[in-house]
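Here is my note on the model, point by point. Please read it with the structure open.

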Amino acid sequence: MFAPTVVSSSRSAWDDALPDLRNKVVNRLVSMNWNQTVTSWGRRRRDPLGPHVLVFFFAEPPSGFPATCELRVAARLFPAGDEPRLPMLLYELGPLFKDHLTARRDPDEVLFSWSDRRSPAARYAGLGVTSLDTPDGSWEQVQKTAQSDMDVPGRCYAHLVDGSMILIDRLARQEFAQTRIWSSHAVRDVSGVRQRHATTAADIATSDAHGAENPAVWQWLTALNAVLAEGLHHV
């Protein structure tokens, strides 16, 4: 159903739509991370959730001029008892997802907790994570000192099928609730959707400036993204 990215020497409408799609990914991840914070804070003492949510990106066929794609997402939530360390969680999901996709099981049934409605023509566009673990502290640690959900920071990752990487830090109230964004490729809005400033950084996946576990997260997010890009092509 979903076609993988095909590298071509000539630009396509898909290529032209990618900077705007990245902007949509940024805005959606920031929104999802805040919603995750509010929900997790409210459920922290009853039916608690794990600190990570896996986000699957899909793009409807490009249209218009300049070309844009409508973004659709799906998400997988984890209960509090699941693997808490993000790199290990991503590593463990690889064989599980591969088995499901090799067996051609419906991803909406076996991979996603919920999803936006999308057309049969939508293509898999990449994988992301919204997390309440940050280099400053884990979700478990933050709960011990936070007075409200406004005191809880978050971090997001996105790796799209064209190889672009996006890292987002959503800071807590004591840091004036700022949002910091780094992207390996251009982020640009052409459709009137809010555009947030992103710093261009080619070393997102390797820089130690983003925390000790940053390289490991990107290693296994990249591997899982490859499994999905290949597997969803056959669903």
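1. Start with a cut-off. A residue counts as buried under 20% relative accessible area, exposed over 50%, and partly exposed in between. Asp 108 has 31% relative accessibility, so it is partly exposed. Keep in mind that this is a predicted model.

2. Asp 108 has a charged partner. Its side chain forms a salt bridge with Arg 118, and the closest N and O atoms are 2.9 Å apart. Arg 118 sits in the loop between β3 and β4, while Asp 108 belongs to helix α3 (residues 107-110), so the pair ties together parts 10 residues apart in sequence.

3. The salt-bridge count comes to 9.

4. Take Arg 22 and Asp 162. Their side chains meet in a salt bridge at 2.7 Å, N to O. Is Arg 22 buried or exposed? Its relative accessibility is 5%, so Arg 22 counts as buried. Asp 162, at 25%, counts as partly exposed.

5. Now Arg 28 and Asp 116. This salt bridge spans 3.0 Å, N to O. Arg 28 is partly exposed, with a relative accessible area of 24%.

6. On to the sheet. What is the strand order? The open sheet has 8 strands in the order β3-β2-β1-β4-β5-β6-β7-β8, with mixed pairing. Strands β3 and β8 (199-200) form the edges, each pairing on one side only.

7. Check the pairing of β1 with β4. Strand β1 (residues 49-59) runs antiparallel to β4, and the two pair over 8 bridges. Val 53 stands opposite Thr 130 in β4.

8. Finally, the helices on the sheet. Helix α5 (residues 214-231) packs on the sheet and touches β1, β4, β5 and β6. The direction of α5 makes about 45° with that of β5. Helix α1 lies across β1, β2 (71-79), β3, β4, β5, β6 and β7 (179-183). The angle between α1 and β1 is about 155°.

Notes
Residues are numbered from 1 along each chain as its sequence is written. This is a predicted model: local features need pLDDT of at least 70, side-chain atom pairs count only at pLDDT 80 or more; totals for chains, interfaces and linings use all residues. Side-chain values use heavy atoms; hydrogens and water are left out. A salt bridge is a side-chain nitrogen of Lys or Arg within 4 Å of a carboxyl oxygen of Asp or Glu. Buried means under 20% relative accessible area, exposed over 50%, partly exposed in between (1.4 Å probe, protein chains only). Helices (H or I, at least four residues) and strands (E, at least two) are DSSP runs, numbered from the N terminus. Two strands pair if DSSP finds at least two bridges between them. Contact means heavy atoms within 4.5 Å. Axes are lines fitted to C-alpha atoms, for helices over the stretch in contact, and angles run from 0 to 180 degrees between N-to-C directions.
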